[in-house]
Amino acid sequence: MKYLWLSALLFSQAVLAWCPDENQHITLQGKLVQHTYPGPPNFESIKDGDEALTYDFLQLNQPFECNIASAGETVLEVQLIFIDKTKVTYADIAPSLDKEVIVTGETMYQQSGWHFTSVLLLLDDVKEVSGADTPEQKKSMLTQLQQFQQALREKNVAALKAYFVFPVEGDTWGFFPHVDSQEPEKLTEAVFDKNATKVIDSLQMLSEITVDPDAQTLSEHRINALSEEEQKRRYFPTEDDGMFFYEENGKKHTVEGTCDTVANGEFEEGILHLYLGTSANKQLPGLSEYCDGASSYIFKLIDGKLRLVGSVTVG
């Protein structure tokens, strides 16, 4: 089963993240870019004589919504500040310019004319993110995915935690599907530590996806909603959408279509997506508005290691 329609929908939605507190140690995902702004003496115009200031910024995958410069401000970028050359320098990150990265550091809020975003990050570390662009990378991702699945089956909290990048981007419904409106706003490391059992239980069906690193394929795992007895019947559609009938012992019985629970995965533009949700039963299909929904778990390579970086639910 293909989920490209779901991927397009997930990534067409801009999900605003929380606004971090000042002096908070966090991990952020996005694209590393450079901008040049007018500096001293007036911070207004390079053309009119102000010094040209060039700095590195992170274009956030998930913008913040803050009340720093103005109420309800959408913060699209974070200025990166290099304060400790023993950790990371301009030269260290230069090869990653215009590429996707994961950065770690401590937040600060805008304080002076040299600060060009409402939120800034005192940089500790930068890691380049990559997808699976070659057969070798795909095989590596799928081999590591099998290890992720094994950690799920064994409910090995420590091993499983190593695959997460905290905070996980997107929503938390895919990790807390039965909590209604009380699910945490973000899956942070602290939330994971407190709710590891719930998270593992929610993801458990992902361990049932058949993964073949050599063939570079993933095969759907489906739980049929029909009992063995129901599967033996022959169903026919009625004039009403989503309704069917079957005949048994000379009598006509009307039933509704139903949804199966499914788990699957696929590569899209080098990114590995795993899906867990519902889909129309193949023998007695339910209506798409009830059946077509899933949580998408997004995996990428960070320094060659498989990492779960985001999750979004639709439907």
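How much space lies in the largest cavity? In this predicted model, the figure is about 120 Å³. A search of the whole structure turns up 1 cavity of 30 Å³ or more.

Let's look at what surrounds that space. The lining of the largest cavity is made up of 12 residues. If you want to find its centre on screen, the residues that lie nearest are Thr-27, Leu-28, Gln-62, Pro-167 and Glu-169. Three strands each supply at least two residues of this lining: strand 1 (25-38), strand 2 (52-66) and strand 6 (164-170). By class, the lining of the largest cavity holds 7 nonpolar, 3 polar and 2 charged residues.

## An open pocket

Now for a pocket. The second largest pocket has a volume of about 310 Å³, and 17 residues line it. Trp-173, Pro-177, Leu-276, Gly-277 and Ser-295 are the ones nearest the centre of this pocket. Two or more lining residues come from each of helix 5 (189-203), strand 14 (271-280), strand 15 (293-302) and strand 16 (305-314).

Which element gives the most to the lining of the second largest pocket? That is strand 15, with 4 residues.

Sorted by class, the lining of the second largest pocket has 10 polar residues, along with 6 nonpolar and 1 charged.

How values were computed
Residues are numbered from 1 along each chain as its sequence is written. This is a predicted model: local features need pLDDT of at least 70, side-chain atom pairs count only at pLDDT 80 or more; totals for chains, interfaces and linings use all residues. Side-chain values use heavy atoms; hydrogens and water are left out. On a 1 Å grid over the protein atoms alone, a cavity is a set of points where a 1.4 Å probe fits but cannot get out, and a pocket is an open set with protein on both sides within 12 Å along at least five of seven lines; lining residues have an atom within 4 Å of a point. Grid points are joined across faces, edges and corners, and a volume is the space filled by probe spheres set on the points. Ala, Val, Leu, Ile, Met, Phe, Trp, Tyr, Cys and Pro count as nonpolar, Asp, Glu, Lys and Arg as charged, and the others, Gly among them, as polar.
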